[in-house]
Amino acid sequence: MKLNRNSIIYTAVFTFVVCIVFVVVLAIANQVTLSRMNANKKLESQLAVLKAFGLADSSTPASEIDSKYSQSITEKNVDKATAYIATIDGQPYVAVQLTMPGLWGPITAVLATDPKGTVVRGFEVVDQQETPGLGGRISESWFSDQFREKQTLPNGTIAFAQGSGKGNFDPANGTVDAVTGASRTSDFVNALVNRELALARQIGGTL
Amino acid sequence: MSASSKVIKDGLWYNTPIFVQVLGICSTLAVTNNLKNTLIMVLGVSFATSMGSLTLSALRELIPRKVRMIVQVLVLSFYVIIIDIVLRAYQPAISKQLGPYVGLIITNCILMGRAEAFAASNPPGLSFLDGLANGLGYGWVLLVIATIREFLGFGSLFGFKIVGDWFTPWTIMVMAPSAFFLVAIALWIANNYRAKAEAAAKKAAPGAPAGSGPAGAPAPQKG
C-alpha cells in the first residue's frame with residue numbers, strides 16, 4: 001500500500017512525529033550539558049566578583065576561582081541585589097551585583113567600592129546581550145579597567161562621557177569613556193553603575 | 001565535470017551566496033567587525049546548512065509538500081540550537097561574546113534557500129556537499145570583509161594587535177555603515193570579474209551557452 005503523502009492524516013502524523021523526535025533530542029542535549037552550563041555560569045559570576053575586587057584577572061585558572069572566592073568573600077543578600085564583602089589589606093570593601101535593563105536584554109554587573117562609595121575598586125559585567133562589537137564591548141577589559149581606583153564625583157556618581165575612545169584612566173576625574181556607537185547601552189550601564197554605588201553606600205554604612 | 005565538483009564550485013564561486021544569490025547579507029553586516037566572531041559564525045552556518053540539507057534531503061520523500069517549509073524550519077533550527085548548546089557548555093566565553101547571533105543563524109536566508117532550492121530535490125550526500133560549499137562560500141567572503149574591518153577598525157587581527165599605537169583606528173569600520181559599502185564594493189568587484197570571465201569564455205567558445213561554465217573553459221553543453 002502506498003501512503004498518500006498529501007492526506008491530512010499523514011501530514012498531521014508526520015509533523016507530529018518529526019517535532020517529537022527533534023525536540024526530544026534537543027531536550028536530551030540540554031539535560032546532558034545542564035550541569036556544565038550551570039557550573040560555567042557560577043564560575044563566571046564568581047570570577048566577575050573577584051575581578052571587581054581586584055583579587056583575580058582573566059589569567060586566573062578556572063580551578064582556583066572557587067577556592068579563592070570562598071576564602072575571601074562573604075555574600076550578603078539585600079533586597080533585589082547580592083552584596084559581597086571582602087577585606088583586602090585590612091580594609092573592608094563592598095561589592096554589589098545588580099541586574100538592570102540594557103538595550104537588548106538585562107545587564108548584570110558587579111561594582112566594588114570602599115564602604116563610603118568614594119573610590120571605586122572595580123567594575124565587571126557578568127552578563128549582557130548587547131550588540132556584539134558595539135554595546136557588547138562593555139564586557140571588554142579596557143572598559144571595566146577604567147573604573148579601577150576611580151574617585152566618584154562630589155555627588156557620589158560616575159559620569160559617562162565621550163572621550164578618546166581608548167578609555168579614561170585618570171582616577172581623579174570621576175568620568176569614564178562611554179562606548180563609541182553604543183550611546184544607549186552606555187546610558188543603561190551608567191544608570192546601573194550609579195545605582196550600584198548608591199546601594200553599596202547603604203550597605204557600607206551598616207558595616 | 002562531476003556533479004559533486006560542480007556543486008562545490010557553485011557554492012564557493014559561481015553561485016556563491018553573497019555575490020550571486022545575495023543571501024545572508026544581514027549577518028554579513030552584523031558580525032564582520034571582528035574576525036573571531038566571524039569565524040565562529042561561519043562555522044556555525046556551515047554546520048547548520050550542511051547538516052540541515054543532509055537531514056532534509058534524507059527526509060525529502062517523506063515530507064508532505066504542504067508542510068515542507070515548517071519541517072525545514074524545524075530541522076534547521078534544531079541544528080542551530082545544538083550549536084548554541086554546545087557553545088554554551090564548552091565555549092562559554094565565545095557564546096557570551098556572540099550573544100544573540102548564534103540563535104539568529106536560523107534567520108540566515110542561506111539555510112532555507114539551500115534547503116528549498118537544492119536539498120528538496122537532490123540526494124543526501126550531494127545536498128550535504130551543497131550546504132557545506134554554500135556555507136564556506138558565504139564564509140570566505142565574510143572572512144575577507146572581517147579582515148579588512150577588524151584591521152582598519154581596531155588595528156588587530158583575531159584580537160592580536162598588528163600595528164603600533166601610532167595607528168588611528170577607523171571607528172567607522174567597526175560600525176554598520178562600513179559593512180554596507182565594503183559588501184557593495186566586494187559585490188561590484190566580483191560581478192565585474194565574473195562578467196569579464198564570462199565574456200572571455202564566450203569569445204573562446206562561440207555559440208556555447210554562457211553562464212555556469214568555469215572561466216576560460218568551454219561551458220558545459222546542456223541537452
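Two residues are said to be in contact if their C-beta atoms, placed from the backbone, lie within 7 Å. This is a predicted model, in which local features need pLDDT of at least 70 and side-chain atom pairs count only at pLDDT 80 or more, while totals for chains, interfaces and linings use all residues. Residues are numbered from 1 along each chain as its sequence is written, and chains are lettered from A and ligands numbered from 1 in the order in which they are written.

**View 1. Helices α4(B) and α5(B) meet in chain B.** Helices (H or I, at least four residues) and strands (E, at least two) are DSSP runs, numbered from the N terminus. On α4(B), the residues that meet α5(B) include B:Phe47, B:Met51 and B:Leu56, and their counterparts on α5(B) include B:Val75, B:Tyr79 and B:Ile83. The axes, lines fitted to C-alpha atoms over the stretch in contact, come within 9 Å and cross at roughly 140°, with angles running from 0 to 180 degrees between N-to-C directions.

**View 2. Chain B touches chain A.** The contact takes 28 residues from chain B and 25 residues from chain A. On the chain B side, α5(B) gives the most, with 10 residues.

**View 3. Strands β1(A) and β2(A) form a hairpin.** The two strands, residues 74-78 and 81-88 of chain A, pair in the antiparallel sense over 5 bridges, where pairing requires that DSSP finds at least two bridges between them. A:Val78 stands opposite A:Ala81 in β2(A), and A:Lys80, in the turn, has a positive phi of about 70°.

Conventions:
Buried ≥ 20, exposed ≤ 12 C-beta atoms within 10 Å, placed from the backbone.
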